[in-house]
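Hello,

Here is the structure I promised to pass on to you.

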Amino acid sequence: MAVAWGWSRTPESPHRTGSAVDLWPLDREGRVFFDPQTRNRIAAALRKAAADLGVPTCWGGRFRGFKDMDRSHFELAAP
């Protein structure tokens with residue numbers, strides 16, 4: 001959907017193999033909520049859960065070279 005909506009131009013992606021997901025908060029009407037602080041809180045919760053379970057992950061908020069970083073992106077990382 002991100003490619004169809006124009007949010008992504010990456011046809012070669014870990015999303016296509018099931019190794020990545022984008023998580024977006026929604027407002028009360030079900031629309032995507034773009035608040036960076038809310039997205040950072042989601043990232044912190046996911047990072048903690050992954051660490052508790054021993055699942056290595058990468059967060060797009062730490063990527064380099066992306067405009068505004070990709071705070072919605074989470075992917076499995078090599079151990």
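Below is what I found, starting with the fold and ending with the surface.

A word on the ground rules. This is a predicted model, in which local features need pLDDT of at least 70 and side-chain atom pairs count only at pLDDT 80 or more, while totals for chains, interfaces and linings use all residues. Residues are numbered from 1 along each chain as its sequence is written, and side-chain values use heavy atoms, with hydrogens and water left out.

**Fold**

The protein chain has 3 helices and 3 strands, taken as DSSP runs numbered from the N terminus (helices: H or I, at least four residues; strands: E, at least two). Along the sequence they come in the order α-α-β-α-β-β. Of the 79 residues in the chain, 19% are buried (buried is under 20% relative accessible area, exposed over 50%, partly exposed in between, with a 1.4 Å probe and protein chains only).

**Strand pairing**

Strands count as paired if DSSP finds at least two bridges between them. Strand β3 (residues 73-76) is joined to β1 (residues 20-22) by 3 bridges, and the two run antiparallel. Here Ala20 has Glu75 in β3 as its bridge partner.

**Aromatic rings**

Trp59 has a further contact: the charged end of Arg47 sits over its ring, 5.2 Å from the centre (the rule asks for NZ of Lys or CZ of Arg within 6 Å of the ring centre and within 35 degrees of the ring normal).

How many aromatic pairs are there? The count is 1, using rings of Phe, Tyr and Trp (its six-membered ring) with centres within 6.5 Å; planes under 30 degrees apart are stacked, over 60 edge-to-face and the rest tilted. The rings of Trp24 and Phe34 have centres 5.3 Å apart and planes at 65°, so this pair is edge-to-face. Both residues lie in the loop between β1 and α3, 10 residues apart. Trp24 is partly exposed at 24% relative accessible area, and Phe34 is partly exposed at 48%.

**A surface patch**

Leu53, Val55 and Leu76 form a nonpolar surface patch with about 300 Å² of accessible area together. Patch members have over 30% relative accessible area and no salt bridge (a Lys or Arg side-chain nitrogen within 4 Å of an Asp or Glu carboxyl oxygen), and nonpolar side chains are joined within 5 Å. Areas come from the Shrake-Rupley method with a 1.4 Å probe. Val55 lies in the loop between α3 (36-53) and β2 (57-59), and counts as partly exposed because its relative accessibility is 35%.

Best wishes

Key
Patch = residues over 30% accessible without salt bridge, like charges linked within 9 Å, V, L, I, M, F, W, Y side chains within 5 Å.
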